[in-house]
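Hi everyone, thanks for coming.

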Amino acid sequence: MADQTERSFQKQPTVFLNRKKSLPSKKKKGLRYYKNVGLGFKTPREAIDGTYIDKKCPFTGNVFIRGRILTGIVLKMKMQRTIVIRRDYLHYVRKYNRFEKRHRNMSVHLSPAFRDVQVGDVVTVGECRPLSKTVRYNVLKVTKAAGSKKSFSKF
Amino acid sequence: MGISRDNQHKRRATGGKRKPLRKKRKFELGRPPANTKLGPQRIHTVRTRGGNKKYRALRLDHGNFAWGSECCARKTRIIDVVYNASNNELVRTKTLVKNAVVTIDATPFRTWYETHYALPLGRKKASKLTEEEEARINKKRSKKLMKKYELRKKHAKVEPVLEDEFMTGRVLACIASRPGQCGRCDGYILEGKELDFYLRKIKSKKAK
(Lines give C-alpha, C1' and ligand atoms only; values in the text may rest on other atoms or scores of the structure.)
Protein backbone atom coordinates (compact mmCIF):
# COMPACT_ATOMS: atom_id res chain seq x y z
CA MET A 1 0.00 0.00 0.00
CA ALA A 2 2.26 2.78 1.23
CA ASP A 3 5.82 3.56 0.27
CA GLN A 4 7.64 0.86 2.21
CA THR A 5 11.01 2.48 2.60
CA GLU A 6 11.69 1.35 6.17
CA ARG A 7 12.97 -1.98 7.41
CA SER A 8 9.66 -2.87 9.02
CA PHE A 9 6.29 -3.03 7.32
CA GLN A 10 4.60 0.38 7.50
CA LYS A 11 0.90 0.20 8.16
CA GLN A 12 -1.80 1.90 10.16
CA PRO A 13 -2.27 -0.16 13.34
CA THR A 14 -6.04 0.22 13.38
CA VAL A 15 -6.57 -1.07 9.83
CA PHE A 16 -6.67 -4.82 9.18
CA LEU A 17 -5.37 -5.41 5.68
CA ASN A 18 -5.88 -9.14 5.33
CA ARG A 19 -9.61 -9.70 5.11
CA LYS A 20 -10.40 -12.74 3.06
CA LYS A 21 -11.22 -11.83 -0.52
CA SER A 22 -14.20 -14.14 -0.86
CA LEU A 23 -16.00 -12.74 2.14
CA PRO A 24 -18.65 -10.18 1.24
CA SER A 25 -16.78 -6.95 1.96
CA LYS A 26 -18.15 -3.45 2.06
CA LYS A 27 -16.09 -1.27 -0.24
CA LYS A 28 -14.60 1.20 2.17
CA LYS A 29 -12.62 3.60 -0.03
CA GLY A 30 -9.40 1.64 0.17
CA LEU A 31 -9.19 0.69 3.84
CA ARG A 32 -7.60 3.75 5.41
CA TYR A 33 -8.00 5.19 8.87
CA TYR A 34 -8.43 8.94 9.06
CA LYS A 35 -10.15 11.24 11.48
CA ASN A 36 -11.57 14.70 11.83
CA VAL A 37 -9.27 16.59 14.18
CA GLY A 38 -12.02 18.90 15.37
CA LEU A 39 -11.98 22.63 16.01
CA GLY A 40 -13.25 23.26 12.49
CA PHE A 41 -10.11 22.08 10.68
CA LYS A 42 -10.82 20.32 7.43
CA THR A 43 -8.91 17.10 6.89
CA PRO A 44 -7.06 17.44 3.57
CA ARG A 45 -7.96 15.32 0.54
CA GLU A 46 -4.47 13.94 0.46
CA ALA A 47 -4.86 12.50 3.95
CA ILE A 48 -7.94 10.50 2.91
CA ASP A 49 -6.82 9.43 -0.57
CA GLY A 50 -3.11 9.18 0.04
CA THR A 51 -1.07 6.10 0.82
CA TYR A 52 1.50 7.49 3.21
CA ILE A 53 1.83 6.07 6.72
CA ASP A 54 2.65 8.57 9.45
CA LYS A 55 1.86 7.74 13.05
CA LYS A 56 2.39 11.38 14.04
CA CYS A 57 0.00 12.81 11.46
CA PRO A 58 -3.01 14.47 13.13
CA PHE A 59 -5.38 13.10 10.47
CA THR A 60 -4.17 9.54 9.94
CA GLY A 61 -2.03 8.84 12.96
CA ASN A 62 -2.16 8.42 16.69
CA VAL A 63 -2.02 12.02 17.89
CA PHE A 64 -4.80 14.24 19.17
CA ILE A 65 -4.89 18.00 18.97
CA ARG A 66 -5.75 19.69 22.22
CA GLY A 67 -4.62 22.83 23.97
CA ARG A 68 -3.16 25.76 22.12
CA ILE A 69 -3.53 26.65 18.45
CA LEU A 70 -0.80 28.92 17.13
CA THR A 71 0.35 30.28 13.80
CA GLY A 72 3.74 30.95 12.32
CA ILE A 73 5.60 31.25 9.06
CA VAL A 74 7.68 28.45 7.64
CA LEU A 75 11.37 29.00 8.01
CA LYS A 76 13.17 25.76 7.15
CA MET A 77 12.06 22.47 5.65
CA LYS A 78 15.19 20.40 5.91
CA MET A 79 14.08 17.75 8.43
CA GLN A 80 12.20 14.57 7.63
CA ARG A 81 8.47 15.23 8.14
CA THR A 82 9.09 18.21 10.42
CA ILE A 83 9.69 21.90 9.77
CA VAL A 84 10.87 24.95 11.66
CA ILE A 85 8.44 27.83 11.94
CA ARG A 86 9.03 31.32 13.21
CA ARG A 87 6.59 33.13 15.46
CA ASP A 88 7.00 36.90 15.74
CA TYR A 89 5.56 38.93 18.57
CA LEU A 90 5.92 42.33 20.18
CA HIS A 91 7.15 42.75 23.71
CA TYR A 92 6.11 45.89 25.63
CA VAL A 93 8.80 47.77 27.54
CA ARG A 94 7.08 49.79 30.21
CA LYS A 95 9.84 52.33 30.82
CA TYR A 96 9.79 53.56 27.25
CA ASN A 97 6.11 52.89 26.52
CA ARG A 98 7.19 51.17 23.37
CA PHE A 99 7.31 47.72 21.83
CA GLU A 100 10.21 45.69 20.66
CA LYS A 101 10.18 42.88 18.13
CA ARG A 102 10.97 39.42 19.32
CA HIS A 103 10.70 36.01 17.71
CA ARG A 104 10.81 32.34 18.62
CA ASN A 105 11.57 29.39 16.40
CA MET A 106 9.63 26.21 16.86
CA SER A 107 9.97 22.75 15.41
CA VAL A 108 6.62 21.34 14.35
CA HIS A 109 5.65 18.09 12.72
CA LEU A 110 4.50 18.39 9.10
CA SER A 111 2.31 15.55 7.89
CA PRO A 112 2.87 14.24 4.33
CA ALA A 113 -0.76 15.24 3.71
CA PHE A 114 0.51 18.76 3.10
CA ARG A 115 2.46 18.56 -0.09
CA ASP A 116 2.93 22.04 -1.45
CA VAL A 117 4.56 23.82 1.42
CA GLN A 118 7.16 26.46 0.67
CA VAL A 119 9.36 28.57 2.88
CA GLY A 120 7.38 31.65 3.83
CA ASP A 121 3.93 30.08 4.00
CA VAL A 122 1.73 30.85 6.96
CA VAL A 123 0.95 27.72 8.91
CA THR A 124 -1.55 26.97 11.69
CA VAL A 125 -0.30 24.50 14.28
CA GLY A 126 -2.08 22.73 17.09
CA GLU A 127 -0.70 21.42 20.36
CA CYS A 128 -0.37 17.69 20.80
CA ARG A 129 1.57 15.35 23.05
CA PRO A 130 5.38 15.46 22.80
CA LEU A 131 6.40 13.81 19.53
CA SER A 132 10.13 14.19 20.03
CA LYS A 133 12.59 16.12 22.17
CA THR A 134 11.47 19.53 20.88
CA VAL A 135 8.32 18.86 18.82
CA ARG A 136 5.00 19.36 20.58
CA TYR A 137 2.95 20.88 17.77
CA ASN A 138 1.50 19.53 14.58
CA VAL A 139 0.64 21.40 11.38
CA LEU A 140 -3.12 21.59 10.81
CA LYS A 141 -3.49 24.07 7.99
CA VAL A 142 -1.27 25.75 5.43
CA THR A 143 -2.17 29.05 3.76
CA LYS A 144 0.05 30.19 0.96
CA ALA A 145 2.13 33.34 1.43
CA ALA A 146 0.67 36.45 -0.14
CA GLY A 147 2.11 37.10 -3.57
CA SER A 148 3.52 33.64 -4.07
CA LYS A 149 0.82 32.66 -6.53
CA LYS A 150 2.08 32.01 -10.03
CA SER A 151 5.45 33.51 -9.33
CA PHE A 152 8.26 32.45 -11.58
CA SER A 153 11.10 30.82 -9.68
CA LYS A 154 14.37 29.88 -11.29
CA PHE A 155 13.76 26.15 -11.14
CA MET B 1 20.12 2.88 40.56
CA GLY B 2 22.28 3.44 37.49
CA ILE B 3 19.80 3.66 34.63
CA SER B 4 17.59 6.73 34.78
CA ARG B 5 15.00 8.07 32.36
CA ASP B 6 15.37 11.75 33.20
CA ASN B 7 15.94 14.47 30.60
CA GLN B 8 18.27 16.41 32.84
CA HIS B 9 21.38 14.80 31.50
CA LYS B 10 20.55 15.84 27.93
CA ARG B 11 21.62 19.10 26.36
CA ARG B 12 19.11 21.88 25.76
CA ALA B 13 17.47 22.37 22.37
CA THR B 14 19.94 25.18 21.72
CA GLY B 15 22.84 22.84 22.37
CA GLY B 16 23.79 24.27 25.74
CA LYS B 17 24.88 22.02 28.55
CA ARG B 18 22.55 21.63 31.50
CA LYS B 19 23.83 21.52 35.05
CA PRO B 20 21.97 18.95 37.19
CA LEU B 21 19.53 20.55 39.63
CA ARG B 22 18.98 17.58 41.82
CA LYS B 23 19.91 13.96 42.39
CA LYS B 24 18.32 11.14 40.43
CA ARG B 25 14.84 10.41 41.69
CA LYS B 26 13.18 7.04 42.07
CA PHE B 27 10.29 7.88 39.74
CA GLU B 28 12.79 8.43 36.91
CA LEU B 29 14.31 5.00 37.29
CA GLY B 30 15.04 2.58 34.48
CA ARG B 31 15.67 -1.15 34.71
CA PRO B 32 17.94 -3.39 32.66
CA PRO B 33 16.32 -4.89 29.55
CA ALA B 34 14.87 -8.41 29.58
CA ASN B 35 16.36 -9.66 26.29
CA THR B 36 13.88 -12.52 26.24
CA LYS B 37 15.41 -15.56 24.62
CA LEU B 38 13.89 -18.72 23.16
CA GLY B 39 13.85 -21.55 25.67
CA PRO B 40 11.92 -23.24 28.50
CA GLN B 41 9.78 -20.63 30.19
CA ARG B 42 11.39 -18.44 32.82
CA ILE B 43 9.55 -15.35 34.04
CA HIS B 44 10.50 -13.05 36.91
CA THR B 45 8.03 -10.62 38.43
CA VAL B 46 9.11 -7.08 39.17
CA ARG B 47 7.47 -4.80 41.74
CA THR B 48 6.81 -1.47 40.02
CA ARG B 49 5.59 1.95 41.00
CA GLY B 50 2.37 1.85 42.98
CA GLY B 51 2.90 -1.76 44.00
CA ASN B 52 1.95 -3.07 40.58
CA LYS B 53 3.62 -6.01 38.86
CA LYS B 54 5.46 -6.43 35.62
CA TYR B 55 6.28 -9.89 34.34
CA ARG B 56 9.79 -9.88 32.95
CA ALA B 57 10.02 -12.87 30.64
CA LEU B 58 13.59 -14.06 30.44
CA ARG B 59 12.94 -17.18 28.39
CA LEU B 60 9.81 -18.09 26.47
CA ASP B 61 8.83 -20.82 24.08
CA HIS B 62 5.05 -20.61 23.71
CA GLY B 63 2.74 -17.83 22.67
CA ASN B 64 -0.84 -17.16 21.73
CA PHE B 65 -0.91 -16.36 18.04
CA ALA B 66 -3.90 -15.16 16.08
CA TRP B 67 -4.84 -16.02 12.51
CA GLY B 68 -6.51 -12.75 11.59
CA SER B 69 -8.33 -13.55 8.39
CA GLU B 70 -9.84 -16.71 9.91
CA CYS B 71 -10.53 -15.10 13.29
CA CYS B 72 -8.84 -17.86 15.26
CA ALA B 73 -6.11 -17.80 17.92
CA ARG B 74 -4.18 -20.72 19.31
CA LYS B 75 -1.35 -21.27 21.73
CA THR B 76 1.67 -22.50 19.77
CA ARG B 77 5.32 -23.21 20.16
CA ILE B 78 7.73 -20.59 18.88
CA ILE B 79 10.41 -22.20 16.81
CA ASP B 80 12.82 -19.56 15.63
CA VAL B 81 13.44 -15.82 15.34
CA VAL B 82 13.83 -14.96 11.71
CA TYR B 83 13.88 -11.19 11.23
CA ASN B 84 14.13 -8.05 13.28
CA ALA B 85 13.72 -4.63 11.68
CA SER B 86 15.79 -2.84 14.32
CA ASN B 87 18.83 -4.97 14.84
CA ASN B 88 20.29 -8.06 13.19
CA GLU B 89 22.08 -8.91 16.43
CA LEU B 90 18.69 -9.67 18.00
CA VAL B 91 18.06 -12.25 15.30
CA ARG B 92 21.42 -13.90 15.83
CA THR B 93 20.89 -14.17 19.59
CA LYS B 94 17.22 -15.23 19.10
CA THR B 95 15.79 -12.45 21.21
CA LEU B 96 12.00 -12.13 21.37
CA VAL B 97 10.82 -8.54 21.17
CA LYS B 98 7.76 -6.77 19.87
CA ASN B 99 7.57 -6.68 16.07
CA ALA B 100 10.12 -9.43 15.59
CA VAL B 101 9.23 -11.96 12.92
CA VAL B 102 9.27 -15.56 14.17
CA THR B 103 8.34 -18.99 12.86
CA ILE B 104 5.71 -20.83 14.85
CA ASP B 105 4.40 -24.35 14.88
CA ALA B 106 1.45 -24.59 12.49
CA THR B 107 -0.28 -27.74 13.79
CA PRO B 108 -2.92 -26.15 16.10
CA PHE B 109 -4.06 -23.90 13.26
CA ARG B 110 -4.15 -26.74 10.79
CA THR B 111 -6.21 -28.82 13.24
CA TRP B 112 -8.65 -25.98 13.70
CA TYR B 113 -8.99 -25.40 9.96
CA GLU B 114 -9.62 -29.04 9.22
CA THR B 115 -12.29 -29.36 11.89
CA HIS B 116 -13.89 -26.05 10.92
CA TYR B 117 -13.98 -26.48 7.16
CA ALA B 118 -13.61 -30.26 6.83
CA LEU B 119 -10.95 -29.72 4.18
CA PRO B 120 -7.29 -30.73 4.34
CA LEU B 121 -4.82 -27.89 4.65
CA GLY B 122 -1.24 -28.03 3.58
CA ARG B 123 -1.16 -31.77 2.90
CA LYS B 124 1.09 -33.08 0.19
CA LYS B 125 -0.83 -34.55 -2.73
CA ALA B 126 0.05 -38.20 -2.32
CA SER B 127 0.45 -38.44 1.45
CA LYS B 128 -1.96 -40.71 3.27
CA LEU B 129 -3.62 -39.18 6.30
CA THR B 130 -3.42 -41.05 9.56
CA GLU B 131 -6.52 -42.50 11.22
CA GLU B 132 -7.41 -39.56 13.43
CA GLU B 133 -6.83 -37.04 10.70
CA GLU B 134 -9.13 -38.96 8.39
CA ALA B 135 -11.68 -39.10 11.15
CA ARG B 136 -11.42 -35.40 11.75
CA ILE B 137 -11.97 -34.47 8.15
CA ASN B 138 -14.56 -37.04 7.21
CA LYS B 139 -16.43 -37.28 10.49
CA LYS B 140 -19.91 -38.79 10.31
CA ARG B 141 -22.15 -35.77 10.26
CA SER B 142 -25.90 -35.36 9.96
CA LYS B 143 -27.33 -33.94 6.76
CA LYS B 144 -28.22 -30.65 8.44
CA LEU B 145 -24.66 -30.28 9.70
CA MET B 146 -23.29 -31.11 6.26
CA LYS B 147 -25.24 -28.17 4.84
CA LYS B 148 -23.50 -25.85 7.28
CA TYR B 149 -20.14 -27.23 6.24
CA GLU B 150 -20.98 -26.81 2.56
CA LEU B 151 -21.70 -23.16 3.20
CA ARG B 152 -18.44 -22.72 5.05
CA LYS B 153 -16.45 -24.35 2.28
CA LYS B 154 -17.29 -21.42 0.05
CA HIS B 155 -15.01 -19.16 2.01
CA ALA B 156 -12.41 -21.73 2.86
CA LYS B 157 -9.79 -20.63 0.38
CA VAL B 158 -6.45 -19.74 1.95
CA GLU B 159 -3.90 -17.74 0.00
CA PRO B 160 -1.27 -19.90 -1.74
CA VAL B 161 1.77 -18.51 0.11
CA LEU B 162 0.18 -19.37 3.43
CA GLU B 163 -0.78 -22.81 2.18
CA ASP B 164 2.88 -23.50 1.32
CA GLU B 165 3.85 -22.47 4.81
CA PHE B 166 1.34 -24.90 6.25
CA MET B 167 2.83 -27.63 4.14
CA THR B 168 6.18 -27.18 5.83
CA GLY B 169 4.52 -26.97 9.24
CA ARG B 170 6.11 -23.61 10.07
CA VAL B 171 4.24 -20.35 9.71
CA LEU B 172 5.69 -16.86 9.86
CA ALA B 173 4.22 -14.66 12.56
CA CYS B 174 4.90 -11.25 14.04
CA ILE B 175 5.11 -10.64 17.78
CA ALA B 176 2.65 -8.00 18.96
CA SER B 177 3.12 -8.07 22.72
CA ARG B 178 6.09 -6.92 24.79
CA PRO B 179 7.57 -9.98 26.49
CA GLY B 180 9.68 -7.94 28.90
CA GLN B 181 6.64 -6.11 30.22
CA CYS B 182 3.75 -8.56 30.24
CA GLY B 183 5.67 -11.83 30.23
CA ARG B 184 3.83 -13.13 27.18
CA CYS B 185 4.83 -13.57 23.59
CA ASP B 186 1.62 -13.11 21.63
CA GLY B 187 1.23 -12.09 18.05
CA TYR B 188 -0.43 -12.60 14.72
CA ILE B 189 0.24 -14.71 11.65
CA LEU B 190 1.64 -12.70 8.76
CA GLU B 191 -0.59 -12.57 5.71
CA GLY B 192 -0.96 -10.69 2.46
CA LYS B 193 1.24 -7.71 1.77
CA GLU B 194 3.00 -7.90 5.11
CA LEU B 195 3.97 -11.49 4.46
CA ASP B 196 5.34 -10.63 1.02
CA PHE B 197 7.29 -7.74 2.50
CA TYR B 198 8.96 -9.80 5.19
CA LEU B 199 9.62 -12.76 2.91
CA ARG B 200 11.47 -10.43 0.59
CA LYS B 201 13.50 -9.00 3.45
CA ILE B 202 14.41 -12.44 4.76
CA LYS B 203 15.39 -13.62 1.30
CA SER B 204 17.59 -10.61 0.65
CA LYS B 205 19.29 -11.12 3.97
CA LYS B 206 19.96 -14.76 3.21
CA ALA B 207 21.26 -13.88 -0.23
CA LYS B 208 23.83 -11.54 1.31
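Let's start in chain B: B:Glu89 and B:Arg92 sit three residues apart in helix H1 (residues 88-92), so about one helical turn separates them. Helices here, by the way, are DSSP runs of H or I with at least four residues, strands are runs of E with at least two, and both are numbered from the N terminus. Those two residues form a salt bridge, with the closest N and O atoms 2.6 Å apart. By salt bridge I mean a side-chain nitrogen of Lys or Arg within 4 Å of a carboxyl oxygen of Asp or Glu. B:Glu89 is partly exposed at 37% relative accessibility, while B:Arg92, at 61%, counts as exposed. The cut-offs for those words: buried is under 20% relative accessible area, exposed is over 50%, and partly exposed is in between, using a 1.4 Å probe and protein chains only.

Before I go on, some housekeeping: this is a predicted model, where local features need pLDDT of at least 70, side-chain atom pairs count only at pLDDT 80 or more, and totals for chains, interfaces and linings use all residues. Residues are numbered from 1 along each chain as its sequence is written, chains are lettered from A and ligands numbered from 1 in the order in which they are written, and side-chain values use heavy atoms, leaving out hydrogens and water.

B:Glu194 is buried, at 5% relative accessible area, whereas A:Lys11 is partly exposed at 27%. Over in chain A, A:Arg102 and A:Glu100 also meet in a salt bridge, at 2.8 Å from N to O. Both ends are partly exposed: A:Arg102 at 37% and A:Glu100 at 31%.

Now for chain A as a whole. What is its secondary structure? One helix and five strands, in the order α-β-β-β-β-β along the sequence. It has 155 residues, and 35% of them count as buried.

Next, a lysine without a partner. A:Lys35 lies in the segment before helix H1 (45-49) of chain A. Is it buried or exposed? A:Lys35 is buried, yet has no salt bridge, and the nearest side chain of opposite charge, A:Asp54, is 11 Å away. For charge, Lys and Arg count as positive, Asp and Glu as negative, and His and the chain ends are not counted. What the side chain of A:Lys35 does reach is the backbone oxygen of A:Gly61, at 3.0 Å. Beyond its neighbours within four places in sequence, A:Lys35 is in contact (heavy atoms within 4.5 Å) with residues including A:Thr43, A:Phe59 and A:Val63.

Last stop, the surface. A:Leu90, A:Tyr92 and A:Phe99 make a nonpolar patch of about 350 Å². Patch residues have over 30% relative accessible area and no salt bridge; like charges are joined within 9 Å, and nonpolar side chains (Val, Leu, Ile, Met, Phe, Trp, Tyr) within 5 Å. Areas come from the Shrake-Rupley method with a 1.4 Å probe, and for residues only the protein chains shown count as cover. A:Leu90 lies in strand S2 (residues 82-93) and is exposed, at 53%.

Technical notes: Polar contact = N/O pair within 3.5 Å; in protein donor to acceptor, adjacent residues only side chain to side chain.
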